[in-house]
Amino acid sequence: MTPMPVVLVGANVGGRPNFMTAAWTSVACMDPPMIAVAINKARHTEKGIKENRAFSVNVPSTRSAVGLDHCGLVSGGRSDKSAVFETYYGKLKSAPLICEFPVNIECELRHTLELGSHNLHVGEVVDVHVDEECLTDGSPDTGKIDPIVYSGGEYFQVGGLVGKAFSIGKGYRG
Ligand SMILES: Cc1cc2nc3c(=O)[nH]c(=O)nc-3n(C[C@H](O)[C@H](O)[C@H](O)COP(=O)(O)O)c2cc1C
């Protein structure tokens, strides 16, 4: 299961924004749109997700890698991370979003699966915010978003295009 995109999962804890680095995330459903995040039960963010039944998934650009990693090194239970990034709110007033990140997704908690060390939280997507300059013909453009990929304890940039999905396979001849 490597590489994986890395994001910051956000939640308000005691009314204050908190963000944690997360690589264990996935799109979980198309209709209704859902995202799953695997959060260790000891995380400060876990408290906020339960408290508000809401969370955010914030997709960084490579330029934000240092702040992103900081949020994975330090717990909001010990050190306030609310000022690491400038934040704003969308539809959900309890899921903080990050101004400098190109993509911010607001989720309402629908299901929690207690798996062991981690809880798998499944959230329904309430709204998606994408920076105008990261769109091409109205769709998110990976090259412009410049997301961070996590693999083997290191962060990487997305490399070159291999081909168009749902398309190049049409040329298969056995
Ligand atoms: C690259 C990276 C990926 C991580 N992925 C996860 C994850 O998917 N789930 C998780 O529970 N913790 C993950 N962590 C650890 C948390 O981000 C870390 O424990 C953080 O300090 C928790 O913050 P909090 O206590 O304020 O919620 C990851 C850390 C890093 C650096």
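Pro32 is found in the loop between strand S4 (25–29) and strand S5. Helices (H or I, at least four residues) and strands (E, at least two) are DSSP runs, numbered from the N terminus. The peptide bond that leads from Asp31 to Pro32 is cis, and its omega is near 5°. A cis bond also joins Thr2 to Pro3, with omega near 5°. Pro3 belongs to the segment before strand S1 (4–5).

Arg53 is not a glycine, yet its phi is positive, near 50°. This residue lies in the loop between H1 and strand S6 (54–59).

## Basis of the model

This is a predicted model: local features need pLDDT of at least 70, side-chain atom pairs count only at pLDDT 80 or more, and totals for chains, interfaces and linings use all residues. Residues are numbered from 1 along each chain as its sequence is written, and side-chain values use heavy atoms, with hydrogens and water left out.

## The shell around the ligand

The ligand is surrounded by 22 residues, where a residue counts as near a molecule if one of its heavy atoms lies within 4 Å of it. Thr21, Asn40, Thr45, Ser75 and Gly76 are the closest. By type, the shell has 10 nonpolar, nine polar and three charged residues. Ala, Val, Leu, Ile, Met, Phe, Trp, Tyr, Cys and Pro count as nonpolar, Asp, Glu, Lys and Arg as charged, and the others, Gly among them, as polar.

At least two shell residues come from each of strand S3 (16–22), strand S5 (34–40), helix H1 (44–52) and helix H2 (65–73). S3 gives the largest share, four residues.

## Polar contacts and burial

A polar side-chain atom of Lys81 is 2.8 Å from an oxygen atom of the ligand. For the side chain of Asn18, the distance from an N or O atom to a ligand oxygen is 2.9 Å. Trp24 uses a backbone N or O atom, 3.0 Å from an oxygen atom of the ligand. Taken alone, the ligand exposes 650 Å², and the protein buries 87% of that; accessible areas come from the Shrake-Rupley method with a 1.4 Å probe.

## Aromatic pairs

The structure holds two aromatic pairs, meaning rings of Phe, Tyr or Trp (its six-membered ring) with centres within 6.5 Å. In one of them, the ring centres of Phe85 and Phe101 are 5.0 Å apart and the planes stand at 70°, so the pair is edge-to-face. Planes under 30 degrees apart count as stacked, over 60 as edge-to-face and the rest as tilted. The pair links distant parts of the chain, 16 residues apart. Phe85 is in the loop between H2 and strand S7 (87–88), and Phe101 in the loop between strand S8 (97–98) and strand S9 (103–114).

Definitions and conventions. A polar contact is a pair of N or O atoms within 3.5 Å; within protein, one must be able to donate a hydrogen and the other to accept it, and residues adjacent in sequence count only if both atoms are side-chain atoms.
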